[in-house]
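Here are my notes for someone opening this one for the first time. Have the viewer ready and follow along point by point.

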Amino acid sequence: MQRPYVQETGVAVDPQRPAVSQHKAAPQRTGASATFSELLKRVKAEGLLDLDPRYYIGRLTRNTTLLVAGLTAFFLLGDSWWQLVVAVWMGLCGGQSSFMWHDAGHKAMFRDKRAASAVGYFHANFVNGVSFGWWVNHHNRHHSNPNHLDMDPDIGRRTAIFDIKQYATRTGVQRFIVRYQSVLFFVLLVLESFKMHKTAVKSIAQGLTKRPVLESTLLLARAAIYLTCVFTVLSPVLAVTFILVQQATLGVYFGMIFAPNHKGMDVRDGDEETLDWLERQVLTSRNIRPSWFIDFLYGGLNYQVEHHLFPAMPQKNLGRARELTREYCAERGVPYHEVGFWASYREVASYLHEVSAPVRRGDVDAHLERAA
């Protein structure tokens with residue numbers, strides 16, 4: 001398998017090098033003359049880092065309208081199997097809501113920290129049952145060292161492996177999943193929302209959040225209201241089915257959002273970071289080619305390169321930042337990777353398939369010896 005490379009910058013990669021070895025090799029400083037400060041000046045000159053609260057008030061209003069529409073349909077339909085359509089709708093609304101806590105956590109919304117925190121806790125804990133405090137800490141660590149095997153918690157908490165040396169830490173069912181991870185990675189996304197609920201409870205119980213009382217109260221209130229409504233309006237079997245469908249939809253949507261961002265891009269390991277900030281963010285991130293629908297579907301996270309370079313940038317400015325970043329990368333010889341919607345998932349699946357190939361062949365140890 002070879003990871004497709006979309007030529008955006010005039011910088012080519014060797015098509016004969018297999019994707020995994022290409023990612024594991026020491027990064028080549030093809031863009032050694034590039035500096036983040038120079039790109040930052042261009043971005044600041046156009047005011048792209050300036051906050052625009054009115055924009056986010058509009059986004060919050062739109063998200064609230066979507067949620068209210070779903071709730072209205074829920075109560076109007078009553079005990080009907082058409083509620084499963086509503087369950088899918090509410091799952092998608094939860095995904096849209098996650099963009100609000102995401103941008104609030106990155107301080108891209110409001111200068112007032114209290115307003116941003118209110119948005120974050122409400123949309124994470126109350127709407128989706130996710131711990132906002134845990135997520136902020138986890139996500140900030142990911143942004144600091146994306147795709148670093150030892151420093152990026154987004155890699156560490158997955159059953160799937162992104163380098164064959166991770167296989168030794170997998171046991172039992174996990175090893176079966178790794179064997180067929182190019183398929184099961186996507187299948188198991190239906191459980192992602194449930195895993196986030198479990199992580200929220202666990203992180204609060206272990207004292208890993210700054211506001212455990214607030215977070216616990218919001219989670220309990222959500223659970224009480226949600227379960228009361230579902231089991232009061234719907235019959236028991238339909239109620240359980242509704243919950244499963246909604247949470248599965250939300251889990252798959254979460255997975256759609258995060259899977260293409262970094263999976264299959266450059267990885268590093270070791271005790272220290274080997275890339276500077278610009279290379280670290282550009283070489284490890286994959287953009288999905290924008291359109292009005294893709295921008296809506298991904299909440300701006302399809303501009304993953306720009307989001308990682310400028311995490312506090314309001315979503316509405318990422319499109320212009322993309323143009324500036326592509327121009328700068330082309331000038332300085334920094335590979336910039338952007339593909340279409342379907343191609344992004346094919347790349348992820350192909351990468352996972354190749355990483356797990358030694359497991360299917362039964363030569364993991366021999367493969368590690370050759371790579372040493």
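1. Start at F162. Skipping its neighbours within four places in sequence, F162 is in contact with L149, I155, K263, Y351, L352 and V355 (contact means heavy atoms within 4.5 Å). Before you read too much into that, this is a predicted model, where local features need pLDDT of at least 70 and side-chain atom pairs count only at pLDDT 80 or more, while totals for chains, interfaces and linings use all residues. Residues are numbered from 1 along each chain as its sequence is written, and side-chain values use heavy atoms, with hydrogens and water left out.

2. F162 also turns up in the largest nonpolar core, which has 36 residues; M109, V119, F162 and Y167 are those with the most contacts inside it. A nonpolar core here is a set of buried Ala, Val, Leu, Ile, Met, Phe, Trp, Tyr and Cys residues joined through side-chain atoms within 4.5 Å. Buried means under 20% relative accessible area, exposed over 50%, and partly exposed in between, using a 1.4 Å probe and protein chains only.

3. The largest share, five residues, is supplied by α17. Another core lies apart from this one, with 20 residues, among them Y303, V305, F310 and L324.

4. Next, have a look at L60, in helix α3. L60 counts as buried because its relative accessibility is 16%. Not counting residues up to four places away in sequence, L60 touches M100, M109, F110, V119 and H123. For a sense of scale, the C-alpha atoms of L60 and T274 are separated by 39 Å, with the two residues 214 apart along the chain.

5. Now zoom out. The chain has 19 helices and two strands; these are DSSP runs numbered from the N terminus, with helices being H or I of at least four residues and strands E of at least two. Its radius of gyration is 21 Å, close to the 21 Å that the globule rule gives for 372 residues, so the chain is as compact as a globular protein of that length. That radius is taken over C-alpha atoms, and the rule is 2.2 Å times the number of residues to the power 0.38.

6. Two last numbers on packing. Buried residues make up 52% of the 372 residues. Of the contacts between residues at least 6 apart in sequence, 71% join residues at least 24 apart.
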